[in-house]
Amino acid sequence: MAESGKAAGGRARSATTARSTKTAGSAAASGGPTRSTRSTTARVGASAAKTKAGPSAGTAAAPVRTATATAVAPPPGGIHEAATYPVRPGEDPWTEDELRELRDGLIDEVARLNSEIQYAEHEIADMLRDSGDGAGDDQADAGTKNFEREHEMALTNQTRGMLSQSERALRRLADGTYGACESCGSAIGKARLQVFPRATLCVTCKEREERR
C-alpha cells in the first residue's frame, strides 16, 4: 500500500511538471510575456523616457549667444511747404531748396555726432580699464589719467547735447514748427538759422537767457 501511494505521488508530480512546462511553452509560442521579454521591454521603456526627458540634470545646455549692436534711430525726415516756416521782417521767404539743404545738413550732422559719441565711449572705456590696471602709478601719472578721463567725458557730454539739439531741429522741421522762437513765438530769423540751424531762440530771447 505504501509503495502504491509513493508511485501515485510520483505520477502526480510528473503530471504537474508536464502541465507547467506545457503552459510555459504555450505562452512563449503565443507571444506571451516571459521574464526575459518583460525585462527587455522595461529597459526599452526606460531608455525612451530618458530620451524624451532630454539631457540629465548634470548636463547643462550651452547658452546661446546673440550678437548685440547699438541701434541708432534714424532722424525724422520731411518738410512742409516753405510758407509754413516764419521769417523775420525784411527777409526773403524760405524756399524748398533752402529747407532741403538745411535738413540734409542736419541729418549729416546727426550721423557725424553719433559716430563721435560711439568712438568717445570706447575711449572712455579704455581709460577706465587702464585706471584699474595702473595700481602702481605715481600721483602724477594717476592725476594725468584722471584729468584726461574727465576731459573726455566732458567733451562727450557736450557732443551729446549738440546731437540732441540737431535731432530736435529735425523734429521741428518735420512738424512745421521750425523757425519759431520757443520762448516768445517770434521768428528766429532765416539768416540766423542758416548759420546756426540748431537755434531754438531768437537773438533777443537768447541774450536774455545768457544774462540770467
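Which helix holds both Asp 97 and Arg 100, and how many residues apart are they? I found both in helix α3, three residues apart, about one turn of the helix. Helices here are DSSP runs of H or I with at least four residues, strands are runs of E with at least two, and both are numbered from the N terminus.

Before going on, I noted that this is a predicted model, in which local features need pLDDT of at least 70 and side-chain atom pairs count only at pLDDT 80 or more, while totals for chains, interfaces and linings use all residues. Residues are numbered from 1 along each chain as its sequence is written, and side-chain values use heavy atoms, with hydrogens and water left out.

**Entry 1: salt bridges**

I looked up the contact between Asp 97 and Arg 100 and found a salt bridge of 3.2 Å, N to O. The term means a side-chain nitrogen of Lys or Arg within 4 Å of a carboxyl oxygen of Asp or Glu. Side chains of opposite charge can pair when their charged atoms come close. Asp 97 is exposed at 57% relative accessible area, and Arg 100 is partly exposed at 32%. For these words I used under 20% relative accessible area for buried, over 50% for exposed, and in between for partly exposed, with a 1.4 Å probe and protein chains only.

Next I took Glu 98 and Lys 190, whose side chains meet in a salt bridge of 2.7 Å, N to O. Glu 98 lies in helix α3 and Lys 190 in helix α5 (residues 190–195), so the pair ties together parts that are 92 residues apart in sequence. Glu 98 is partly exposed at 24% relative accessibility, whereas Lys 190 is buried at 8%.

I then checked Arg 112, which forms a salt bridge with Glu 109, the closest N and O atoms being 2.7 Å apart. Both lie in helix α3, three residues apart. Arg 112 is partly exposed at 36%, and Glu 109 is buried at 19%. Salt bridges that share partners join Glu 109, Arg 112, Glu 116 and Arg 198 into one network. My search of the whole structure gave twelve salt bridges.

Helix α4 covers residues 139–175. It has 37 residues and reaches 54 Å from first C-alpha to last, close to the 54 Å expected; the expected span is 1.5 Å times one less than the number of residues. Among its buried residues are Arg 149, Thr 156 and Leu 163. Just after α4, Gly 176 takes a positive phi of about 85°.

Is Thr 156 buried or exposed? Thr 156 is buried, at 3% relative accessible area. Leaving aside neighbours within four places in sequence, Thr 156 is in contact (heavy atoms within 4.5 Å) with Ala 120 and Ile 124.

Leu 106 lies in helix α3 (residues 96–133) and is buried at 3%. With the neighbours within four places in sequence left aside, its contacts include Ser 166, Ala 169, Leu 170 and Leu 173.

**Entry 2: the largest pocket**

I recorded about 160 Å³ of space in the largest pocket. Its lining residues include Gln 165, Arg 168, Phe 196, Arg 198 and Glu 209. Helices α4 and α6 (203–211) each supply at least two residues of this lining.

Notes: On a 1 Å grid over the protein atoms alone, a cavity is a set of points where a 1.4 Å probe fits but cannot get out, and a pocket is an open set with protein on both sides within 12 Å along at least five of seven lines; lining residues have an atom within 4 Å of a point. Grid points are joined across faces, edges and corners, and a volume is the space filled by probe spheres set on the points.
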